[in-house]
Amino acid sequence: MKTTSFRRALTGLVTGLAIAAVSPVLAAEGAPKPPRVSWSFSGPFGTFDRAQLQRGFKIYKEVCASCHGASLVSFRNLAEPGGPEFSRGQVAALAATYQIKDGPNEAGEMFERPGRPADRFPSPFPNELAARAANGGAYPVDMSVLAKARTYERGFPWFIFDIFTQYQENGPDYIHALLTGYKDPPQGFPALLPGQNYNEYMSGHLIAMPKPLNDGQVEYPKGADGKAQAPETVDQYSKDVTAFMMWMAEPHLEARKRMGLQVMLFLALFAGLLYFTKKKIWSRLPDHASVH
Amino acid sequence: MSGHSTYQPKTGIERWLDARLPIVRLVHDSAISYPVPRNLNYLWTFGGILAFMLVAQIITGVILAMHYTPNASMAFNSVEHIMRDVNFGWLLRYLHSNGASMFFVAVYIHIFRGLYYGSYKAPREVLWILGVIIFLLMMATAFMGYVLPWGQMSFWGATVITNLFSALPVIGETIVTFLWGGYSVDNPTLNRFFSLHFLLPFMIAGVVGLHIWALHHVGQNNPTGVEVKDVRKDTVPFTPYATIKDLFGMVCFMLVFAWFVFYQPNFMGHADNYIPANPAATPAHIVPEWYFLPFYAILRAIPDKLGGVLAMGGAIVILAFLPWLDTSKVKSMTYRPIARQFFWMFVLVCIGLGYLGAMPADEPYVTISRILTVLYFGFFAALALIGIFEKPTQLPTSIADSVLGGSGARLAHATASEPNVKG
């Protein structure tokens, strides 16, 4: 009888949680889950695709950087291991194309000089208010850590499975979906005001940023056969720039995963040795046979 | 438990030191010859794991503090500086932030182990209460640590939680102003939280010292809950038996820890905390770190603000009264058929509250939170009542008996030792 009441309570609890788990899906007003993209940097052995990061940087530089800063990233980072790995010469030449405000000099004046690899990416606007003023009141956010600052709800029970599958590309998946999610508003959607754009994946579907990428907009490096290295499509652009954003947000991702493997192997081996040492030591007890 | 010392100074230097400061004797008596019940299972390795986590958090934290800037306009970028430019800064920071979560994983297992095996009962009441104090200090430390990166969740978490004190009558507003160092969460708040976040771990270390002292005075509880009757038969020396077992448990725990640090470093965090703090923009859902979620759910379950704060505080404080709330003489729930079912239901209730704490404060979550809050406190009331009528199953006569009583031959051995045990 006691067991029955316990079981009933348990069933009640589980049912309650199941309802609780399902209802966010019902409540999420048709905002679809971003589709999963196969990223080279996912999983325990993930690494960045250098060519992809270099293409992504090109998109960032030619498209995003006119509104979005990446103020935490330095030019030198582009040449560091685990990133796009441009050559030092390329990076120095790139940095020199920017004018960086420096100073004060001996006369107490601020001055401009060509950029150096140690400089941070210059931001397009001097401050947030200037950025808002130039963008109809909307603020194009800094992209340095954006790939880690965006996510979508996985919901129960997926977030538990994610621990074991190491799925953590919520941010990149969301950003890729957003960049490819510009559509005409569906029938019955309230008329868009100036400065509003419809996006399938934006919460509330209204986004201030106009569709940033279009097919053929950015020219990709040509391969030996004279064809572009990757398709010049919105989908490919979105993947490449998102991968670049992930690298900006987590520049030591490769080193982390590489060290992770070494640490896991060491700990697993150490644990195995300790287990047998423990067994050996406990077997010294004169009446060990039935010690648990 | 702590009988007389078995330490024998071997060299002249040891004898000289022992006569002046018997520190080697102290270590010997508490970490080498200290008798440990021989039937401890792996749940008992979490004490050692927690000690390891505290040390790991202090070491990583002290180094992080060398690179961190506690200033509202620089804190976020200084954390990113650690992540990008400091050598192995990403490792230190991920160890520290995931370390906090793993610390709570370990402490919750440790607490539930204590609940299941009745480790709070006489003569371990003070040991248990010291544990509750450590838990409270841990919560305060973790909360203030989460504020330091000065992201959106840092800022708004700090705003919501500090605001709770304003519900207290008369002194509430004064306390909040004092916590903030002004009239809103701002730079002074960040500065004092950094200072306290550095201080509290050393207070934890102090209380942990008392916790271990009390433990070594009364001796460890064990899965049978039957006290040690014959040190020779029921216990083994701490070294090498418990040392090697603890070490194995610790390394297994590190495997899980490393999995998160190296492969899922942001799994237990919140994406919004990678957005710099902005007092002008409230996040859609303000959610505390996962280890606070059950208490957060209790807070939101009560429609009245003061009531919610009291319920949340009460949910922790009630643990300190557990030694006197539980009326059963039997410690281990292994021998308590009814209490055991309530225990497992309590575990499910806590997990359920944790889930609800992460959900928005809408229906049906609010109603379910209320039901589970009642069940949470109901568990403690139930323990008071069950002890009166519950019929415990047959307890083993001694620890040695429970360990060796498996096979026929061993049974004979155990029976033979019974006269000793009765004494």
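The legends below describe close-up views of a predicted model. Residues are numbered from 1 along each chain as its sequence is written, while chains are lettered from A and ligands numbered from 1 in the order in which they are written. Because the model is predicted, local features need pLDDT of at least 70 and side-chain atom pairs count only at pLDDT 80 or more, whereas totals for chains, interfaces and linings use all residues.

**View 1. Overall build of chain B.** Chain B holds 19 helices and two strands, where helices (H or I, at least four residues) and strands (E, at least two) are DSSP runs numbered from the N terminus. Its C-alpha trace spans about 75 × 60 × 45 Å along the principal axes. Of the 423 residues in chain B, 45% are buried, a residue being buried if 20 or more other C-beta atoms, placed from the backbone, lie within 10 Å of its own.

**View 2. Packing of H3(B) against H11(B).** The axes of helix H3 (residues 46-67) of chain B and helix H11 (residues 238-263) of chain B come within 9 Å and cross at roughly 60 degrees, which makes H3(B) oblique to H11(B). Here axes are lines fitted to C-alpha atoms, for helices over the stretch in contact, and angles run from 0 to 180 degrees between N-to-C directions; those under 35 degrees count as roughly parallel, over 145 as roughly antiparallel, 65 to 115 as roughly perpendicular and the rest as oblique. B:Gly48, B:Ile49 and B:Phe52 in H3(B) meet B:Asp246, B:Gly249, B:Met250 and B:Phe253 in H11(B), contact requiring C-beta atoms, placed from the backbone, within 7 Å.

**View 3. The side of chain B that touches chain A.** In this interface, 43 residues of chain B are in contact with 45 residues of chain A. H11(B) supplies the largest share of the chain B side, 13 residues.

**View 4. Helix H6 of chain A and the residue after it.** None of the eight residues of helix H6 (residues 158-165) of chain A is buried, so the helix lies largely in the open. H6(A) is followed by A:Gln166, whose phi is positive, near 60 degrees.

Key
Contact = placed C-beta atoms within 7 Å. Buried ≥ 20, exposed ≤ 12 C-beta atoms within 10 Å, placed from the backbone.
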